[in-house]
Amino acid sequence: MPVLMRLSRIIISEINDHQVIYLREVNGDRQFPILIGVFEATSIDRRVKSYQAPRPLTHDLLVQIVDRMGGELDSVLITELKEHTYYARIRIRKDGELIDIDSRPSDAIAVSVTCDPNLPIYVSEQVLEEVIGTL
């Protein structure tokens, strides 16, 4: 059963290539970091701080495309951890069907915080057990 999480922290470093976001369990105490790129971290940070760009950014564009094509963004699911790499899915409802789209977690979370209201972020219990065991 997937676990509902929330974005709890963003750490942007000007001297490192990798940035860090933390996800925290909504109804619990578990949390873990995910290393992401600077562009994705900046996009997430801008959304969290309600910064409005004068023109649509990449994640805004994706949200608009899904909407204009008659879909509805449903949720984000972090599904796997393989060789220190997380895998995620963006879930879209269209014509009564739930469609999973493969995504990097950073992009999926950026899409989540771009939506109003934010999309729920879920993490599989298996991923949580695996990552918490290595921290």
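Student: At roughly what angle do the axes of helix 1 and helix 3 cross?

Tutor: The axes of helix 1 (residues 38–48) and helix 3 cross at roughly 15° and come within 9 Å. Axes here are lines fitted to C-alpha atoms, for helices over the stretch in contact, with angles from 0 to 180 degrees between N-to-C directions. Helix 1 is therefore roughly parallel to helix 3, a label given to angles under 35 degrees, with over 145 counted as roughly antiparallel, 65 to 115 as roughly perpendicular and the rest as oblique.

Student: Where does this model come from?

Tutor: It is a predicted model, in which local features need pLDDT of at least 70 and side-chain atom pairs count only at pLDDT 80 or more, while totals for chains, interfaces and linings use all residues. Residues are numbered from 1 along each chain as its sequence is written, and side-chain values use heavy atoms, with hydrogens and water left out.

Student: Which residues of helix 1 and helix 3 make the contact?

Tutor: Helix 1 supplies Glu40, Ser43, Ile44, Arg47 and Val48, and helix 3 supplies Ser106, Asp107, Ile109, Ala110, Val113 and Thr114. Contact means heavy atoms within 4.5 Å. By class, there are five nonpolar, three polar and three charged residues in the contact of helix 1 with helix 3. Ala, Val, Leu, Ile, Met, Phe, Trp, Tyr, Cys and Pro count as nonpolar, Asp, Glu, Lys and Arg as charged, and the others, Gly among them, as polar.

Student: OK, and how do helix 2 and helix 3 cross?

Tutor: The axes of helix 2 (residues 58–68) and helix 3 (residues 105–114) cross at roughly 70° and come within 9 Å. Helix 2 is therefore roughly perpendicular to helix 3. In this contact, His59, Asp60, Leu62 and Val63 of helix 2 meet Asp107, Ala110, Val111 and Thr114 of helix 3.

Student: New topic. Which way do strand 1 and strand 2 pair?

Tutor: Strand 1 pairs with strand 2 (residues 18–25) in the antiparallel sense, over six bridges. Two strands pair if DSSP finds at least two bridges between them. Helices (H or I, at least four residues) and strands (E, at least two) are DSSP runs, numbered from the N terminus. Arg9 has Tyr22 in strand 2 as its bridge partner, and a hairpin of six residues joins the two strands.

Student: What about strand 2 and strand 3?

Tutor: Strand 2 and strand 3 are also antiparallel, with seven bridges. Gln19 stands opposite Ile36 in strand 3. The hairpin from strand 2 to strand 3 goes through five residues.

Student: And which residue in strand 7 is the bridge partner of Val3?

Tutor: That is Val123. Strand 1 (residues 3–11) and strand 7 (residues 121–123) run antiparallel and are joined by three bridges.
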